[in-house]
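Please read the following report alongside the sequence and the coordinates, moving from the overall fold to individual residues.

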Amino acid sequence: MQRHHRGGSTVHRLRAAGLVLLCCHLLFVGWLTLRPLSVPWVAPANLRPFASIHADLAGGPWTALEGIGGGLALLAPLGVLLPMAAGRLTSRLGSWARTVFAAAMISLGIELVQPAVPGQVANVDALLLNTTGVAVVHLACYPVLRSRLRAAVRREGSPSRPLRRPRDGDRGTTPRTPRVGTTP
């Protein structure tokens, strides 16, 4: 039997807002990372993990903040937007694993397309930083989002009309066949 809740619109509004914000953020990230750049020289692709992170740290605090902080922050909102768009109140570990996997796949897709765009190069460290940023934001924000959503569902919780109890004729019992001997 399906239950219709009076105020289930909070979950639907939250999910719709999550989908709109997710689409807007992904469009912004796509524009930012996949637009052609006119540069006189392009560095080769970085396929060695942590090489550009070490280079950013060696370049000083501002270079490190720009390189590492930018990598962590680029896809970080997905840590909240992906579960919000899904609209499910699932376990923390399951939601974290799905969110991090989806973010890693989005980041991998960006890194695979970037070499085809003039002035852009692939960087394995960007994939690591983007995924780490999403994981950290999800761990920090998902429990708060989940508790607020559950509280909103509880506030709306009572059904709009009382559910009728099923009668005996509605439920029925499992039909059973009488035992029949197999030997004469």
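This is a predicted model: local features need pLDDT of at least 70, side-chain atom pairs count only at pLDDT 80 or more; totals for chains, interfaces and linings use all residues.

Of the 184 residues in the protein, 30% are buried. Among the contacts between residues at least 6 apart in sequence, 81% join residues that are at least 24 apart.

The UniProt record, an unreviewed entry, places the feature "transmembrane region" at residues 12-34, 62-84, 96-114 and 126-145.

Helix H3 covers residues 61-74, and at 1.5 Å a residue its 14 residues should span 20 Å, which agrees with the 19 Å between its end C-alpha atoms. The buried residues of H3 are Ala64, Ile68, Gly71 and Leu74, and because they cover an arc of only 150° around the axis, they lie on the same side of H3. In general, an α-helix has 3.6 residues a turn, so residues three or four places apart point the same way. The buried residues of H3 pack against H1, against helix H2 (51-58) and against helix H6 (124-156), whereas the face turned away from the buried side carries the exposed residues Pro61, Trp62, Leu65 and Glu66.

Gly70 also has its place in helix H3, but with a relative accessible area of 36% this glycine is partly exposed. Gly70 and Asn130 are 60 residues apart in sequence, yet the distance between their C-alpha atoms is 8.8 Å. Asn130 lies in helix H6 and counts as buried because its relative accessibility is 3%, below the 20% limit that applies to buried residues. Leaving aside residues up to four places away in sequence, Asn130 touches Gly71, Leu74, Leu75 and Ser107.

Which residues make up the largest nonpolar core? This core holds 11 residues in all, namely Leu22, Val29, Leu74, Leu75, Leu78, Leu81, Leu82, Ala85, Ala103, Ile110 and Val134. Helix H1 (9-34), helix H4 (78-86) and helix H5 (92-113) each supply at least two residues of the core, and H4 gives the most, with four residues. Leu75, one of the core residues, touches His25, Val29, Ala103, Ile106, Ser107, Asn130 and Val134 when residues up to four places away in sequence are not counted.

The structure as a whole holds zero disulfides. As for solvent accessibility, Cys24 counts as partly exposed, at 46% relative accessibility, and Cys141 likewise counts as partly exposed, at 34%.

Definitions and conventions: Residues are numbered from 1 along each chain as its sequence is written. Side-chain values use heavy atoms; hydrogens and water are left out. A disulfide is a pair of cysteine sulfur atoms within 2.5 Å. Buried means under 20% relative accessible area, exposed over 50%, partly exposed in between (1.4 Å probe, protein chains only). A nonpolar core is a set of buried Ala, Val, Leu, Ile, Met, Phe, Trp, Tyr and Cys residues joined through side-chain atoms within 4.5 Å. Contact means heavy atoms within 4.5 Å. UniProt positions are given in the numbering used here, feature names are shortened, and annotations may be inferred rather than shown by experiment. The expected span of a helix is 1.5 Å times one less than its number of residues. The arc is that of the directions from the helix axis to the C-beta atoms.
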